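Here is a short briefing for a reader who is meeting this structure for the first time. Please look over the sequence and the model before reading on.

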Amino acid sequence: MRNVARQRRTAGLAPAIELALQFRTPHSAFRILLVGALAACGSSDGPRVTVTIPPGTSLDAAVDSLAANHVIAHPGTFRLYARLRGLAGSLKSGVYLLRQDESWSDVVAALERGRGVEQRFTVREGLRLAEVADLARAQLKIPRDSFLAAAEDSSLLVSVGVPAEAPSAEGYLFPTTYLLPLGIGARELVRVMTHQFTQQWSPEWQARLDSLHFSRHELVTLASIVEAEVRYDPDRPFVSAVYHNRLKRGMRLEADPTVSYAYGRRLRRVWEKNLAVRSPYNTYLHAGLPPGPIGQPGRAGLLAALYPADVPFLYFVAQPDGKHIFSATYAEHLAAIQRVKQLKRAARAPQRPGR
């Protein structure tokens with residue numbers, strides 16, 4: 001109904017303009033009449049979206065961005081209104097939090113104010129949902145409970161394209177640096193971060209998922225485990241290959257980060273006693289993938305999960321420098337473990353002073 005009303009409001013402008021011309025309304029009065037009529041377009045009850053206007057953006061490009069985000073429904077008419085308001089000469093770059101179908105006068109006022117409405121928010125790869133909530137509280141003053149509630153709101157998750165089987169936005173809060181409007185709320189932040197995930201998802205990845213016989217949720221889950229394991233970037237496709245190979249053979253993943261996630265806090269080290277924790281996320285006890293992601297994978301993690309290295313490895317062990325030794329057989333893996341132990345002992349041994 002709101003769209004119909006908006007169309008009627010906009011359609012009603014033509015007779016007003018024609019009437020003004022018929023009676024030869026003076027130019028200044030006509031301009032005031034037109035601006036006033038156009039300013040009435042839009043409303044203020046739509047959902048909020050983030051619109052970025054980069055430096056140097058033309059008015060036409062800015063209007064296209066507003067239309068693409070459904071802030072305005074009639075870009076041609078809005079462009080006329082914006083020029084009459086003088087926005088072409090006063091357009092400011094920045095990040096704006098606007099409502100879909102926003103009042104046109106409010107849109108122009110926001111774009112004239114420009115910078116000073118944004119703040120930087122950086123989320124690094126591998127952070128867990130609870131850690132993102134802590135970061136949002138510390139940097140954006142968003143209550144932790146509010147953010148977690150938004151990230152677990154099934155109706156919100158469906159509306160932003162998170163797969164229905166996902167219990168929360170875990171894994172879909174894309175890690176990057178954001179420029180956000182001051183005072184952004186929990187739900188808006190979840191929308192912005194999940195939208196960024198969607199923007200990163202390349203169309204050709206779906207065909208790759210089909211060839212792997214993975215759902216998107218399964219892929220993101222695997223990518224989050226790879227992200228949690230890797231400290232040395234070139235290892236990503238090889239770690240991914242180990243997990244793909246194990247899944248194909250029906251082997252348990254036995255991924256330490258999933259055990260840590262099952263505890264609900266980061267363990268400095270996963271000990272033998274930790275491997276018995278009862279949780280569907282414990283991949284030492286349960287075959288296959290856990291119910292969902294264990295953190296936020298970046299693009300590199302997603303690509304590694306999509307395109308694992310073509311190698312026969314089934315095992316890996318981390319060296320003190322963070323790089324991994326990969327093995328195809330259990331005997332090779334045991335030898336690699338012994339090698340790592342030797343490296344650790346050598347690192348702890350006191351160094352003899354040079355003679």
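Does aspartate 101 count as buried or exposed? At 6% relative accessibility, aspartate 101 counts as buried, where buried means under 20% relative accessible area and exposed over 50%, with a 1.4 Å probe and protein chains only. This is a predicted model, in which local features need pLDDT of at least 70, side-chain atom pairs count only at pLDDT 80 or more, and totals for chains, interfaces and linings use all residues. Residues are numbered from 1 along each chain as its sequence is written, and side-chain values use heavy atoms, with hydrogens and water left out.

**Positive phi in two loops**
- Aspartate 101, which is not a glycine, has a positive phi near 65°, and its place is in the loop between β2 (94-99) and α6 (104-113), strands (E, at least two residues) and helices (H or I, at least four) being DSSP runs numbered from the N terminus.
- Lysine 141, also not a glycine, has a positive phi of about 60° and lies in the loop between α7 (129-140) and α8 (144-151).
- Lysine 141 counts as exposed, at 67% relative accessibility.

- Leaving aside neighbours within four places in sequence, phenylalanine 121 is in contact (heavy atoms within 4.5 Å) with residues including Val132, Leu135, Thr176, Leu189 and Met193.
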